[in-house]
Amino acid sequence: MNERKIAFITCVNDPELYAEATAFIRALDVPDGCEAELVPVEGAAGMAQGYNAGMRRTDAKYKVYLHQDVLILHRRFLHDLLALFRSRPDIGLVGMIGAKTLPPGGVWWESSDLYGKVYESHTGRLELLSFGGAGEESRAEAAPQRIRTEKVAVADGFLLATQADLPWREDLFPGWHFYDASQCMEFRKKGLKVAVPCQREPWCLHDCGPVRTGYAFAEARERFCRTYMGA
């Protein structure tokens, strides 16, 4: 794989949202000698299926899987991500917010031990969601350039970055739920860590709008618990 390339893989069904997301990606500071590649996937049947399709379309070693409604605010995102991955081969997957312990029901945000930061709008209003962060740096694992990380059980899927390729479990999660938690568990099964960087200010904005769960979510949650938690 090309170690000088970072691919941004996104499932797209709203060209206007994606255009805004890519404008922020193009505004990122790209390290010398490196290349940022956009890999939009249209017509995906589910998130895991779309991400697998995007993975096959690029030779980039480093991949950032992000939703079309995510804006990367941190201009030196690529510098910090590459520095973190290159210094920590034991970390396979990085997210922006997640849970250090997974509750029995399998829903990461119901954990009492959360970490990370993001601007997001799941309540219908854009606001800061912050758990840990700069005040928690002494507990986090050291990385170069003062980047620190916290090991987590699972990270939220609005943005997940990897330095190794593992198939997304579209066989188990063909829709739009629990694909992210599943991928975190798959990396951990391979002996690779899942981590969230310490962010003095959130690196991302996720304008997701009000979150609605229903039968598809409940079905995926049950499948996740049976597969990974023995429930």
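1. Burial is defined by relative accessible area: under 20% is buried, over 50% is exposed and anything in between is partly exposed, with a 1.4 Å probe and protein chains only. At 7% relative accessibility, Phe178 therefore counts as buried. Phe178 is placed in the loop between β12 and α4, where helices (H or I, at least four residues) and strands (E, at least two) are DSSP runs numbered from the N terminus. The phi of Phe178 is near 65°, a positive value in a residue other than glycine. Most residues other than glycine have a negative phi.

2. On provenance, this is a predicted model, in which local features need pLDDT of at least 70 and side-chain atom pairs count only at pLDDT 80 or more, while totals for chains, interfaces and linings use all residues. Residues are numbered from 1 along each chain as its sequence is written, and side-chain values use heavy atoms, with hydrogens and water left out.

3. Helix α4 is largely enclosed by the rest of the structure, because 9 of its 11 residues are buried. These are Tyr179, Asp180, Ala181, Ser182, Gln183, Cys184, Met185, Glu186 and Phe187. The cover over the buried residues of α4 includes α2, β5 (91–95), β11 (154–155), β12 (159–162), β13 (193–197) and α5 (215–228). After α4 comes Gly191, with a positive phi near 85°.

4. Helix α3 (residues 77–87) is likewise largely enclosed by the rest of the structure, since 9 of its 11 residues are buried. Among the buried residues of α3 are Phe77, His79, Asp80 and Phe85.

5. Strands β1 and β3 may be considered together. Two strands pair if DSSP finds at least two bridges between them. β1 runs parallel to β3, with 5 bridges joining them; within this pairing Ala7 stands opposite Lys63, and Ile9 has Tyr65 as its bridge partner. β1 also runs parallel to β2, through 8 bridges, and there the partner of Thr10 is Pro40. β3 is joined to β12 by 4 bridges in an antiparallel arrangement, where Val64 stands opposite Ala161. Both strands are mostly covered: 7 of the 7 residues of β3 (residues 60–66) are buried, as are 8 of the 11 residues of β1.

6. Which residues form an aromatic pair with Tyr179? Rings of Phe, Tyr and Trp (its six-membered ring) pair if their centres lie within 6.5 Å; planes under 30 degrees apart are stacked, those over 60 edge-to-face and the rest tilted. The structure holds 12 aromatic pairs. One of them joins Tyr51 and Tyr179 edge-to-face, at 6.2 Å centre to centre and 75° between the planes. Tyr51 lies in helix α2 and Tyr179 in helix α4, so this pair ties together parts that are 128 residues apart in sequence. Trp168 and Tyr179 also pair: their ring centres are 6.2 Å apart and their planes at 40°, so this pair is tilted. Trp168 belongs to the loop between β12 and α4, 11 residues from Tyr179. Both Tyr51 and Tyr179 are buried, and Trp168 counts as buried at 3% relative accessibility.

7. An aromatic cluster is formed by Trp108, Trp109, Phe178, Phe217, Phe224 and Tyr228.

8. Leu129, in strand β8, is partly exposed, with a relative accessible area of 23%. Leaving aside neighbours within four places in sequence, Leu129 is in contact (heavy atoms within 4.5 Å) with Ile97, Gly116, Lys117, Val118 and Glu120.

9. The largest pocket has a volume of about 1,100 Å³. On a 1 Å grid over the protein atoms alone, a pocket is an open set of points where a 1.4 Å probe fits, with protein on both sides within 12 Å along at least five of seven lines, and lining residues have an atom within 4 Å of a point. Grid points are joined across faces, edges and corners, and the volume is the space filled by probe spheres set on the points. The lining comprises 42 residues, of which His67, Trp176, His206, Cys208 and Val211 lie nearest the centre. Elements that each supply at least two lining residues include β1, α2 and α4.
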